[in-house]
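Please read the following briefing beside the sequence and the coordinates.

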Amino acid sequence: MNNTTGPETRESRLTANSYFRHFEGITPPMRPPISAARQSAWHAAAGLALGLGIWYLHWRWTASLNPEALVLSYVVVTAETLAFIGTAFFIYDIWEEVDTPQQSPPKTRRDAHLTGPGTIGVDIIVTTYDEPVEIVAATLMDAAAVIAPPGCKIAIYLADDGNRPEMAALAANHGAVHLPRAHNTGFKAGNLKNALMKTSGDFFVICDADTRLGTGFVQNTLGYFREEKTAWVQTPHWFYDLPEGEGHKRHGRDPLASDPTVFFDIVQRRRNRSGASFCCGAGSIHRREAVFSNALDSATRKASPSSLQPLQPFQYHVSEDILTSMHLHASRNGWRSVYHPQVEARMLSPWSLGAWVTQRTKYAGGTVDILLRSFPRLIRRLPPGIAMHYIATFWAYISTLWLTVLIFAPCVSLITGHSPVAAWSLTFFSHFLPALIATELAIGLGCKDHDHFKGRLQAISSAPLVLVAATQVVMGRKPRFPATPKVPTGQAPAGFARLCAAIVIFFGLTIAFGFISPFFRPGGWDAPHLVFNTFWATFNALAFAQVLRAEPQLRRQFAKITGTTPT
């Protein structure tokens with residue numbers, strides 16, 4: 001890995017001069033709890049969706065398979081069944097919203113279940129590798145403004161994995177301690193270990209280079225540690241610089257569907273009922289005792305008479321946050337996590353297709369690697385309810401396998417003229433449409449008023465990335481840990497852009513062929529066959545087309561913000 005971010009000089013100067021200022025006045029939204037009426041409606045709709053889904057699949061397996069295309073029929077109905085299981089996992093995952101009551105910060109060490117005299121120590125650890133100075137400076141400035149509750153002392157550390165002289169100077173200018181490393185062993189997890197071994201706070205806050213804490217971060221999260229078994233508290237990720245779109249209709253708003261609100265305010269918040277929200281790194285605060293006791297237990301289990309294992313407070317892995325979360329949830333000490341639903345920090349979104357591809361590939365490779373190599377050992381020690389939440393996460397990633405089948409099944413039908421159902425009859429639509437509508441209604445109610453539709457498009461467009469990352473893991477290649485660029489840099493990844501363009505063209509040609517081929521095929525036109533498959537092929541093509549539109553939209557909006565010419 002090199003220690004540059006590409007065209008850093010020009011882009012980072014633009015960031016410093018105008019980019020941040022454009023978004024400074026934006027305040028984070030409040031995240032109110034779901035109302036009792038809406039939760040009841042969500043439960044009723046979810047039950048209906050599950051019932052109609054089972055009814056539809058029973059009919060599919062027993063009465064609808066096309067005898068003239070049995071291979072296609074079995075492949076598609078199997079994919080539909082696995083997708084329905086994923087829906088059931090998702091419903092379990094977000095079934096009920098139970099927030100942990102917020103408490104005032106502990107005033108004494110005893111209140112926080114700490115031993116010894118003195119004040120409560122909180123370390124704010126800002127991790128950096130190769131990010132522009134301007135981004136890190138803003139993070140340190142906001143960290144210095146964090147309010148220390150009575151009886152608490154805050155210290156700020158800059159954990160510099162790039163070992164850069166400019167970071168040493170920056171730390172000194174902002175009252176932070178510079179903690180460099182001469183190597184990058186363990187990547188971010190190794191960087192955190194280096195910092196934790198040189199600090200002593202009872203609690204520590206993890207910040208990425210762009211994580212700008214609110215002044216009340218410690219004040220609003222430390223109270224959860226009045227519970228002895230609280231190991232960490234995760235707060236929402238809020239991207240305060242999401243592209244606003246163009247024109248009064250906001251065309252191009254968040255074109256890469258980077259807004260993580262559904263994941264945090266729905267998935268993470270609902271997992272809190274089981275104490276199962278996992279650490280997402282930035283914006284989290286941890287009990288040092290929990291992290292180190294778990295590291296010691298892990299090292300002891302792995303040790304042999306001939307070798308001692310080094311401590312890893314955070315597991316050395318590309319997805320160190322979720323893997324460490326699993327280890328803590330599986331700990332014999334009974335550690336639990338808390339999700340704090342209100343925004344206490346702001347971060348930068350991926351403002352280029354390259355950054356988005358880097359991020360999605362890293363997430364996918366890391367999650368699949370954990371599923372194959374770590375989860376089988378840990379599942380036996382996880383409480384059943386918490387294990388189900390992790391299974392839901394893994395299922396969502398491996399579902400790309402059968403999602404790919406469903407993405408391209410309409411093309412196969414249009415090209416071959418064969419269908420995975422015996423007939424596009426009224427009977428088919430009387431089973432398919434109620435199940436589909438009930439599921440859409442349920443998910444809409446369960447996700448409150450958040451836009452979950454873009455997430456669906458993102459799942460389709462990122463399917464090739466997940467497949468490539470998963471294939472590399474299965475073949476034994478360790479997931480890479482590239483740093484996600486924090487400002488628009490370079491050109492769009494040509495390979496992925498060409499692939500998306502090729503897929504869109506393929507869908508277009510397939511649809512055209514589907515309309516032309518009946519002229520040369522016995523039986524002629526089958527209108528329901530054409531309409532149904534054309535609709536879904538078009539829907540899927542638009543998901544990939546959105547990726548192609550995203551990069552120019554982002555560059556135009558960035559140029560408008562900074563007063564420059566789009567590149």
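Where is the place of Ala282? Ala282 sits in the loop between helix 8 and strand 7 (284–287), where helices (H or I, at least four residues) and strands (E, at least two) are DSSP runs numbered from the N terminus. This is a predicted model, in which local features need pLDDT of at least 70 and side-chain atom pairs count only at pLDDT 80 or more, while totals for chains, interfaces and linings use all residues. Residues are numbered from 1 along each chain as its sequence is written, and side-chain values use heavy atoms, with hydrogens and water left out.

**Surroundings of Ala282**

- Ala282 counts as buried, because its relative accessibility is 0%; buried means under 20% relative accessible area, exposed over 50% and partly exposed in between, with a 1.4 Å probe and protein chains only.
- Leaving aside residues up to four places away in sequence, Ala282 touches Lys188, Ile206, Asp208, Thr211, Gln234, His237 and Met347, contact meaning heavy atoms within 4.5 Å.
- Gln234, one of these contacts, is 48 residues from Ala282 in sequence, and the two C-alpha atoms are 8.4 Å apart in space.

**Salt bridges**

- Side chains of opposite charge can pair when their charged atoms come close. A search of the whole structure returns 20 salt bridges, each being a side-chain nitrogen of Lys or Arg within 4 Å of a carboxyl oxygen of Asp or Glu.
- Arg269 pairs with Glu97, their closest N and O atoms lying 3.6 Å apart; this links distant parts of the chain, since Arg269 belongs to helix 8 (residues 261–271) and Glu97 to the loop between helix 3 (70–93) and strand 1 (120–128), 172 residues apart.
- Arg269 also meets Asp265 in a salt bridge, at 2.7 Å from N to O, and here both residues lie in helix 8, four residues apart, about one turn of the helix.
- Arg269 is buried at 1% relative accessibility, Asp265 is buried at 3%, and Glu97 is buried at 10%.
- A network of salt bridges links Glu97, Asp99, Asp265, Arg269, Arg270 and Lys448.
- Arg456 and Glu440 form a further salt bridge, with the closest N and O atoms 2.5 Å apart; Arg456 is in helix 16 (residues 453–461) and Glu440 in helix 15 (residues 426–446), so the pair ties together parts 16 residues apart in sequence.
- Arg456 is partly exposed, at 29% relative accessible area, and Glu440 is partly exposed as well, at 31%.

**Helix packing**

- The axes of helix 11 (residues 353–373) and helix 17 (residues 463–474) come within 8 Å and cross at roughly 40 degrees; axes are lines fitted to C-alpha atoms, for helices over the stretch in contact, and angles run from 0 to 180 degrees between N-to-C directions.
- Helix 11 and helix 17 are therefore oblique to each other, given that angles under 35 degrees count as roughly parallel, over 145 as roughly antiparallel, 65 to 115 as roughly perpendicular and the rest as oblique.
- Among the residues making this contact are Trp356, Ala364 and Leu372 of helix 11, together with Leu465, Ala469 and Val473 of helix 17.
- Helix 4 (residues 133–144) and helix 5 (residues 165–173) pack at about 25 degrees, with their axes 10 Å apart, which makes helix 4 roughly parallel to helix 5.
- Val133, Val136, Ala137 and Leu140 of helix 4 make the contact with Glu166, Met167, Leu170 and Ala171 of helix 5.
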